[in-house]
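Student: I have just opened this structure and would like a guided tour. Could we go through it together?

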Protein chains: 2
Amino acid sequence: MDNRPIGMFDSGVGGMTVFLEVMKKFSNEDIVYLGDTKRFPYGSKSKETIIELSKKAIDFLISKNVKLIIIACGTATSQALEEVRKIYKIPIIGIIEGTIEELKKDTNNKIGVIATTGTIRTKAWENEIHNKIDSSYVISRACPLLAPMAEEGWTDNEVAKYTIKEYMKSFKGNNINKLILGCTHYPLFTNLIKEELGESVEIINTGEKLAKYLEKYLIEKNIKNTISKKGEYKLYLTDTECNFINVARKLINNEALIKKIEKIDI
Amino acid sequence: MDNRPIGMFDSGVGGMTVFLEVMKKFSNEDIVYLGDTKRFPYGSKSKETIIELSKKAIDFLISKNVKLIIIACGTATSQALEEVRKIYKIPIIGIIEGTIEELKKDTNNKIGVIATTGTIRTKAWENEIHNKIDSSYVISRACPLLAPMAEEGWTDNEVAKYTIKEYMKSFKGNNINKLILGCTHYPLFTNLIKEELGESVEIINTGEKLAKYLEKYLIEKNIKNTISKKGEYKLYLTDTECNFINVARKLINNEALIKKIEKIDI
């Protein structure tokens with residue numbers, strides 16, 4: 001057992017979709033979240049920059065005495081996870097492995113992937129799918145407008161609706177049965193995506209898969225929190241002139257559990 | 001007189017709206033254009049990064065033997081112009097000064113400004129307007145989705161239409177008579193903006209104002225091209241996996257004048 005908090009970070013509100021799933025599944029775990037809102041978006045930055053920013057975020061979370069770190073960001077997972085695992089001793093989990101573990105259980109995978117331009121370019125999802133899942137059927141598409149749109153809070157207006165319509169054209173008629181939301185901002189558009197693709201396509205929320213994977217992980221490593229109480233949440237932002245706080249409050253939906261929202265300089 | 005080319009740069013296709021205005025006004029000037037498409041967008045990057053990227057761009061253009069450099073990017077103008085002018089001897093012009101010179105001629109300025117998040121945060125436009133124009137009436141709004149949308153080539157679809165509708169809400173009922181397009185990508189949305197704001201608001205294309213300003217500038221400095229011939233254009237991109245080339249070809253509309261499109265590594 002280890003009663004210290006779980007740490008996680010993202011470039012903005014996206015990682016809060018992962019936060020939500022972890023919070024739902026582990027109601028007694030404390031969470032420290034870092035939103036690097038000053039540097040949003042990560043999706044179009046270089047690999048070197050993403051590694052540097054990930055190191056800053058990890059150093060900060062370690063200073064808050066967390067027991068493990070979740071990279072709650074598709075871009076940072078695909079571009080920096082491998083590198084930072086070489087540098088740090090603390091366990092670090094990205095958003096890809098949990099999803100891959102779950103997909104391995106299915107035999108019929110015809111997969112679509114949407115993510116930021118940076119993630120799509122790395123082919124991180126395609127490579128993992130080809131290497132670890134018995135499926136060579138993958139179609140991917142970069143959706144560079146979705147994360148900035150989520151940061152604006154535009155997830156159910158007309159702009160969002162037509163943007164999803166446009167992006168989903170890549171998957172219509174292509175007979176996929178699963179769509180991986182490879183950027184953690186994208187679950188905020190789940191309803192609109194479902195409307196476009198219909199019920200026959202399963203929408204894969206990587207945060208949900210990560211939470212399942214995390215359960216096994218915490219047990220195996222013997223680091224579950226054993227105290228019976230409500231988890232407490234601390235949110236740190238590198239810039240507060242943004243929509244983050246509104247989205248976070250709406251998702252957590254219990255003001256009493258938010259012990260801190262603080263602007264930090266890293 | 002100086003018959004060497006004019007150099008200009010931007011993070012992507014935005015600067016091509018400036019290119020177009022300069023090309024129209026000075027049909028015999030050669031132009032070397034650098035689109036730093038690998039690092040797009042500049043709009044959400046830090047001041048330090050913008051200065052560093054601007055220096056790289058300027059060094060490259062100087063290596064192409066240009067006679068002056070136009071920063072055809074609102075973000076780089078607002079964040080880096082002052083710094084790079086301290087470093088380089090070559091004349092460097094941004095997109096703000098030309099517009100300010102033109103607006104000074106009017107007595108009734110009730111100004112709206114739209115630009116990237118980075119530019120709006122610097123208050124570069126507000127400060128210049130307050131300092132140099134007899135008007136204290138300025139309303140500004142960051143429009144972070146417009147430049148990425150232009151890079152996708154989405155300038156007249158339903159997404160663009162509803163995005164403009166949403167952003168223009170900040171100006172409706174606020175009695176502005178001019179709207180400065182403070183990012184060089186934005187003239188690609190001129191028709192949609194006009195539809196929203198109506199004929200009573202003048203849309204200020206900074207590239208057009210810059211071209212007017214440039215005429216005086218070239219004459220004063222005695223560096224106009226005196227050869228009577230069609231200008232020739234060379235386009236350099238740091239990444240070619242993008243929509244740039246299509247947009248550029250459409251704007252220039254004369255394949256014969258494009259002498260080179262080349263991917264470079266800076």
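Predicted model: local features only at pLDDT ≥ 70, side-chain atom pairs only at ≥ 80, totals over all residues.

Tutor: Residues are numbered from 1 along each chain as its sequence is written, chains are lettered from A and ligands numbered from 1 in the order in which they are written, and side-chain values use heavy atoms, with hydrogens and water left out.

Student: Which residues of helix 9 of chain A are buried?

Tutor: Helices (H or I, at least four residues) and strands (E, at least two) are DSSP runs, numbered from the N terminus. Buried means under 20% relative accessible area, exposed over 50%, and partly exposed in between, with a 1.4 Å probe and protein chains only. By that rule, the buried residues of helix 9 (residues 190-197) of chain A are Thr190(A), Leu192(A), Ile193(A), Glu196(A) and Leu197(A).

Student: Why do these buried residues line one face of helix 9 of chain A?

Tutor: The arc is that of the directions from the helix axis to the C-beta atoms. Exposed Asn191(A) and Glu195(A) sit on the face turned away from the buried side. The buried residues line one face because, seen down the axis of helix 9 of chain A, they fall within an arc of 165°.

Student: Is Glu97(A) buried or exposed?

Tutor: Glu97(A) belongs to helix 4 (residues 96-103) of chain A. With a relative accessible area of 18%, Glu97(A) is buried.

Student: Which side chain forms a polar contact of 3.0 Å with that of Glu97(A)?

Tutor: A polar contact is a pair of N or O atoms within 3.5 Å; within protein, one must be able to donate a hydrogen and the other to accept it, and residues adjacent in sequence count only if both atoms are side-chain atoms. Contact in general means heavy atoms within 4.5 Å. Beyond its neighbours within four places in sequence, Glu97(A) is in contact with Leu81(A), Arg85(A) and Tyr213(A). The 3.0 Å polar contact joins its side chain to that of Tyr213(A).

Student: What is the relative accessible area of Leu68(B)?

Tutor: Leu68(B) is in strand 3 (residues 68-71) of chain B. Not counting residues up to four places away in sequence, Leu68(B) touches residues including Pro5(B), Ile90(B) and Leu218(B). Leu68(B) is buried, and its relative accessible area is 0%.

Student: At roughly what angle do the axes of helix 4 and helix 6 of chain B cross?

Tutor: Axes are lines fitted to C-alpha atoms, for helices over the stretch in contact, and angles run from 0 to 180 degrees between N-to-C directions. Ile96(B), Thr99(B) and Ile100(B) in helix 4 meet residues of helix 6, among them Trp125(B) and Ile129(B). The axes come within 11 Å and cross at roughly 35°.

Student: What is omega for the cis peptide bond between Phe40(A) and Pro41(A)?

Tutor: Pro41(A) is in the loop between strand 2 and helix 2 (47-63) of chain A. For the cis bond joining Phe40(A) and Pro41(A), omega is about -5°.

Student: What is phi of Asn222(B)?

Tutor: Asn222(B) lies in the loop between helix 10 (206-221) and strand 9 (233-237) of chain B. Asn222(B) counts as exposed, at 53% relative accessibility. This residue is not a glycine, yet its phi is positive, near 60°.
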